[in-house]
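Hi,

Here is the structure I promised to pass on.

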2 protein chains.
Amino acid sequence: MASSSSRSGAGAGNEESPAMRRLRRLSLHLLQPFDRPAEQLALAACAGARRVEGGAEVSAALAAYLRGRHRATQARVFEFFRDRPDLQTPVEQTTAAHRDLCFRQLRSLVRDAGVRPLSLMAADPAEYFAVMEAAGGVDISLGVKFGVQYSLWGGSILNLGTKKHRDKFFDGIDNLDIPGCFAMTELHHGSNVQALQTTAAFDPVTDEFIINTPNDGAIKWWIGNAAVHGKYATVFARLILPLQGKGGTPADMGIHAFIVPIRDLETHAVLPGIEINDCGHKIGLNGVDNGALRFRSVRIPRDNLLNRFGDVSRDGKYTSSLPTINKRFAATLGELVGGRVGIAYSSVGVLKVAVTIATRYALLRQQFGPPKQPEISVLDYQSHQHKLMPMLASSYAFHFATIYLVDKYSEMKKTNDEDVMADVHVLSSGLKAYITSYTAKSISICRESCGGHGYAAVNRFGALRNDHDIFQTFEGDNTVLLQQVAGDLLKQYQEKFKGGTLSVTWNYLRDSMSTYLSQPNPVTARWEGEDHLRDPNFQLDAFRYRTSRLLHSVAARLQKHSKTLGGFGAWNRCLNHLLTLAESHIESVILAKFIESVKSCPDEKTRKLLKLVCDLYALDRIWKDIGTYRNVDYVAPNKAKVCGCHSHTATSHKGAELDSDSSFSLQAIHKLTDYLSYQVRLVARELVDAFDLPDLIIRAPIGMQSEAYAQYTQHVGF
Amino acid sequence: MASSSSRSGAGAGNEESPAMRRLRRLSLHLLQPFDRPAEQLALAACAGARRVEGGAEVSAALAAYLRGRHRATQARVFEFFRDRPDLQTPVEQTTAAHRDLCFRQLRSLVRDAGVRPLSLMAADPAEYFAVMEAAGGVDISLGVKFGVQYSLWGGSILNLGTKKHRDKFFDGIDNLDIPGCFAMTELHHGSNVQALQTTAAFDPVTDEFIINTPNDGAIKWWIGNAAVHGKYATVFARLILPLQGKGGTPADMGIHAFIVPIRDLETHAVLPGIEINDCGHKIGLNGVDNGALRFRSVRIPRDNLLNRFGDVSRDGKYTSSLPTINKRFAATLGELVGGRVGIAYSSVGVLKVAVTIATRYALLRQQFGPPKQPEISVLDYQSHQHKLMPMLASSYAFHFATIYLVDKYSEMKKTNDEDVMADVHVLSSGLKAYITSYTAKSISICRESCGGHGYAAVNRFGALRNDHDIFQTFEGDNTVLLQQVAGDLLKQYQEKFKGGTLSVTWNYLRDSMSTYLSQPNPVTARWEGEDHLRDPNFQLDAFRYRTSRLLHSVAARLQKHSKTLGGFGAWNRCLNHLLTLAESHIESVILAKFIESVKSCPDEKTRKLLKLVCDLYALDRIWKDIGTYRNVDYVAPNKAKVCGCHSHTATSHKGAELDSDSSFSLQAIHKLTDYLSYQVRLVARELVDAFDLPDLIIRAPIGMQSEAYAQYTQHVGF
């Protein structure tokens with residue numbers, strides 16, 4: 001191998017380190033599958049050098065590029081908690097103790113560290129999300145408690161209320177004098193918010209709303225901060241106006257949000273007419289106190305309606321700047337998008353922690369090896385690289401995508417531009433769904449890849465998985481959110497053919513949909529060589545081709561089935577297809593942002609490294625979904641183009657020959673994915689170090705940068 | 001729809017039930033994708049009837065067929081615990097309390113219920129495993145504690161010891177007077193057992209072995225029963241014989257098992273020279289007390305060597321019926337196969353519980369619906385059917401496969417036949433790995449499909465997932481076990497070409513490998529119609545074709561790479577390919593057993609139902625892995641057959657046309673999978689009821705057969 005001399009050269013002079021020895025051993029049996037001496041030399045030299053010198057620099061340069069402008073903010077949060085052992089989360093504790101600790105963590109962050117989250121949210125959402133992610137690093141329960149108090153309870157006041165509400169509540173929420181709840185979900189209704197059954201009837205005599213839980217199914221359920229700490233709740237309920245309906249009946253004005261005091265500000269006693277029960281022990285997030293609330297004719301002043309999008313006058317008349325119930329509902333829910341942005345962002349944080357622990361342990365752990373030779377690192381096994389390296393690449397991809405999402409969100413809050421708003425709505429839904437599903441699966445893979453030691457609670461995977469699990473569900477069930485993405489794509493698709501405008505992120509539909517639809521599949525058709533597969537243009541083309549085909553075919557299927565099944569039935573009949581479409585689109589967005597981030601990286605060395613990671617992300621995704629890539633029309637209405645080939649009968653034309661015929665490019669993609677996983681493995685340590693997560697956040701003994709085994713035996717008592 | 005009249009007819013006379021209304025509503029928008037009036041009528045009539053009458057009978061008939069001869073045994077275990085509320089596992093408890101409870105559960109099962117597990121194991125392994133699965137239903141920790149005491153500690157005495165050991169320990173283990181441990185794994189070595197470092201040096205002066213932990217990496221780790229309850233441990237250590245090596249040095253005779261007392265039988269004090277630390281809180285299974293042991297020159301009598309496969313005489317000479325260290329090692333580990341059989345079996349039990357809860361809740365839960373119509377069950381969504389129905393089908397498939405495995409294991413214990421032994425070894429490895437990986441993933445999908453309510457600890461998914469998680473790792477890491485399967489297939493493959501004998505399960509290799517290799521891919525090539533896709537012969541052909549192709553291609557790749565990389569390097573280079581091969585083979589075995597079980601079902605109605613479930617299992621597997629099916633040669637050495645077509649250039653031949661050309665059969669498989677999921681959904685309630693798991697085992701309020709929401713609100717305190 002061309003590189004072995006440079007490697008041993010680097011190690012010359014002092015005794016060869018175990019890492020160097022392993023690397024040299026590796027080179028004996030892991031030959032490169034591709035024959036590119038130039039690049040091999042470069043990468044191998046880099047790999048050789050980094051073990052002796054330069055590794056820390058590579059990580060530092062990469063970390064600086066990743067963190068951007070909020071690095072100092074997060075470091076401040078980490079340092080604060082590092083210096084407060086009394087606030088650190090133990091490996092095992094009761095639910096009651098965890099809730100107490102979590103509240104103390106949040107209060108200390110606000111009062112001792114002087115963080116003012118609601119002010120941050122108003123001034124600089126990107127910094128707000130950076131603090132929330134850092135808090136989630138300390139304990140995911142803390143991140144969620146933070147989100148309940150600020151994104152949800154505070155966010156409802158900021159975004160659905162008007163000046164009078166902000167004047168009254170802003171400071172108390174910001175400094176945590178007034179812990180509050182966001183009471184939307186009911187026992188029977190989570191995703192279908194429009195079907196909530198809690199009522200808020202206006203009483204014109206007393207100028208009050210009467211909040212009522214009409215049946216058990218309408219009990220507010222899973223309400224964070226409700227079981228123990230909350231003083232107020234923003235309650236989502238159907239606004240009922242007497243005499244405004246047909247023939248003088250009460251009118252149901254749809255879902256609105258109301259501020260309801262639930263506990264006495266002084267005594268903390270639950271207020272009359274309100275019943276609160278504890279939702280109890282959960283799979284995870286037991287630092288957050290979720291409760292269930294029933295209202296029995298609870299009266300609140302008219303001013304407590306959060307009236308930004310609709311108001312009730314003293315004489316019981318409804319006014320709104322928006323014309324219909326549906327538009328008001330959309331505006332109300334639209335303001336809650338910040339929660340999803342935060343979840344997507346924080347989910348990437350969780351993924352980074354899991355990948356860091358698993359990668360470091362896989363580098364440390366040795367098991368088996370060639371006959372009569374020392375054992376090798378488990379990360380040197382192809383199967384282990386296959387499990388972890390694409391995951392590491394995805395962490396990078398998601399990092400850039402969520403940074404972009406946060407920036408878009410900030411832009412939206414600044415400009416209130418309608419196009420940006422629509423864009424952020426769909427983007428936050430899609431990224432939240434896609435990333436949280438990916439992270440949830442990945443934590444399990446990380447646990448399993450760490451074997452028995454991954455099962456020790458102290459090594460974190462249990463808490464990470466259990467706490468993160470619900471990220472897939474709250475603030476919008478992932479399956480429902482992906483349907484919003486698909487729905488939006490179809491709307492855009494229809495508008496394209498009507499000549500309407502398209503929102504920013506989807507521009508490629510306008511630019512190139514026609515091209516994609518007339519082209520052959522780039523994955524099977526435009527194979528030219530392996531440089532081609534690493535060309536970002538090819539990669540984006542492949543992703544977008546798939547999306548375009550899926551969109552085109554599902555639109556046709558929906559149209560066809562609507563005739564017999566109606567809109568709802570047709571949608572349900574195509575549901576799996578629609579979900580695939582949504583995921584495909586989100587992957588395109590993620591790849592596009594990754595490619596941009598690679599291009600705009602100013603440091604050449606760092607840029608090259610990122611390019612390698614980006615290539616792995618792209619090729620791995622293509623390979624993992626090769627079935628869809630080869631069959632993007634698989635569920636299209638029958639419109640098979642028959643092969644014009646004369647010398648074959650139809651029967652002989654199907655079968656093995658077809659498979660073999662295009663197997664060259666498939667094989668190349670597969671081989672290249674394995675190769676890139678191997679290349680990324682050579683810099684895996686640097687890539688996880690660049691996440692720049694302090695030991696306080698990693699915590700797992702087996703995930704420590706050094707002396708991992710010793711820290712582990714010490715933890716157990718040896 | 002042809003069935004609507006029969007449905008409303010069945011409901012006539014009394015008020016239409018909500019279930020009937022929903023079914024009728026469903027029929028409006030979920031039309032059948034296939035045009036087969038006869039079968040439609042039969043299934044629809046069955047579906048209509050079951051809601052009014054007969055559903056319970058369908059379930060009962062199916063349950064009777066599933067349970068077989070050990071139903072009464074398991075029922076006895078369930079009844080015992082049902083009547084002992086003091087032994088039921090609470091939703092939240094500390095590790096210390098859980099360990100105490102778990103031990104009391106096991107002791108009561110033995111002493112109060114009069115179960116004698118070790119006697120069962122010796123007399124009828126199938127009944128032993130049935131009891132263990134039932135115990136795991138009560139609490140997975142109990143099942144594992146049971147397994148540690150009996151399969152491992154008891155099993156080591158039974159299978160590795162001789163008469164003197166059985167005479168001394170059998171009764172005490174059986175009645176739990178002597179709780180014991182199985183001390184194999186060390187901090188640095190889990191999978192690579194041959195590299196364990198603990199030593200047992202023979203001292204001919206005192207006629208003792210000296211057990212020693214030479215370094216921290218050799219500390220015995222994760223040893224169940226060690227932290228609190230164990231009195232003895234079977235310790236795996238390198239047998240060292242003084243003066244027997246070259247030139248009079250000590251000889252390392254390889255890994256042997258030794259009985260080491262670790263705590264005083266009376267005082268329970270840890271014995272001198274032994275250091276035990278608590279491995280601490282785990283992700284799950286906290287009812288099991290895992291400890292870490294260090295030995296400092298601990299002396300045990302020579303008789304404590306478990307000497308079935310190798311012995312040391314008074315004068316320090318080694319004797320064995322087996323000629324080499326490797327053969328003795330294989331024999332020793334081979335006897336431990338029972339642990340894997342139990343895990344595979346118990347994993348299916350866990351899967352059934354998870355699928356039952358998720359399916360019942362999906363039937364109950366309604367969300368969204370057509371405009372101005374009532375909401376529909378979430379199980380009526382295509383995406384939800386897609387998540388849960390193939391999983392339900394897999395539970396059935398795995399059920400029959402593990403019953404078969406247990407029978408084979410019993411046969412092996414009875415006959416000691418070498419072929420059966422080899423068969424059981426590979427089959428238990430493969431099924432353990434495949435099933436536990438599937439179950440682990442499925443529990444997460446079940447949780448997510450139950451949304452927020454799936455996150456309440458009381459609804460079980462957390463404990464099931466956390467407790468089951470390590471099933472993927474202990475008693476053999478799944479990735480390592482699959483390699484054993486692949487290794488065995490390759491051995492069989494080589495023997496086939498050498499004309500040797502093949503073991504029973506792999507018979508299809510002998511019978512048909514040549515056929516498969518010369519045939520075109522049945523999935524793409526032999527499409528004839530949808531009846532064909534439901535033909536068990538086609539399905540088995542498809543599964544076996546894939547395995548044969550993968551085996552053939554990986555054998556060629558291994559041969560090619562061995563020349564440059566050596567055996568170990570070549571194996572590593574092909575590792576992902578080998579794992580795919582192993583999974584493919586195991587799927588073939590599972591399908592074959594499922595098809596046999598359908599065929600031998602005596603009751604026609606039950607058989608038809610099982611056939612439907614089996615078809616879904618087969619087609620779903622083909623569809624999920626359609627990429628491999630279409631590209632079984634994807635990693636084969638370049639030997640692409642060029643298409644003999646004259647009228648196309650090579651370039652135009654690749655691309656969209658190829659995809660479309662065979663899209664008809666792919667589309668048919670996909671459509672049929674969706675259709676079968678829909679059909680299985682219609683009998684989903686009956687299929688989960690047929691698992692016949694009492695409420696005590698299900699426990700989750702949302703998984704109850706009736707009044708689920710009410711049980712849930714009551715649990716929370718309303």
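This is a predicted model: local features need pLDDT of at least 70, side-chain atom pairs count only at pLDDT 80 or more; totals for chains, interfaces and linings use all residues.

Residues are numbered from 1 along each chain as its sequence is written, chains are lettered from A and ligands numbered from 1 in the order in which they are written, and side-chain values use heavy atoms, with hydrogens and water left out.

Chain A has 718 residues, 65% of them buried (under 20% relative accessible area, with exposed over 50% and partly exposed in between, using a 1.4 Å probe and protein chains only). Its secondary structure comes to 29 helices and 11 strands (DSSP runs numbered from the N terminus: H or I of at least four residues for helices, E of at least two for strands).

The chain splits into domain 1 (57-175), domain 2 (180-335) and domain 3 (339-523 + 531-637 + 665-698), with bounds from an automatic or database domain assignment. Between domains 1 and 3 of chain A, the C-alpha centres are 27 Å apart. There, 29 residues of domain 1 are in contact with 40 of domain 3 (contact means heavy atoms within 4.5 Å).

Three strands of chain A make an open, antiparallel sheet in the order β4-β8-β7 (two strands pair if DSSP finds at least two bridges between them). β4 (220-224) and β7 of chain A are at the edges with a single partner strand each, so one side of each has no neighbour in the sheet. β4(A) and β8(A) are joined by three bridges, and Lys220(A) sits opposite Leu293(A) in β8(A). Chain B joins in here: its helix α29 (residues 708-716) packs on the sheet and touches β4, β7 and β8 of chain A, running at about 45° to β4(A) (axes are lines fitted to C-alpha atoms, for helices over the stretch in contact, and angles run from 0 to 180 degrees between N-to-C directions).

Finally, where is Asp289(A)? In the loop between β7 (274-278) and β8 (290-295) of chain A. Asp289(A) counts as buried because its relative accessibility is 0%. The side chains of Asp289(A) and Lys145(A) make a polar contact of 2.5 Å (a pair of N or O atoms within 3.5 Å; within protein, one must be able to donate a hydrogen and the other to accept it, and residues adjacent in sequence count only if both atoms are side-chain atoms). Leaving out residues up to four places away in sequence, Asp289(A) also touches others, including Arg99(A), Ile223(A) and His229(A).

Cheers
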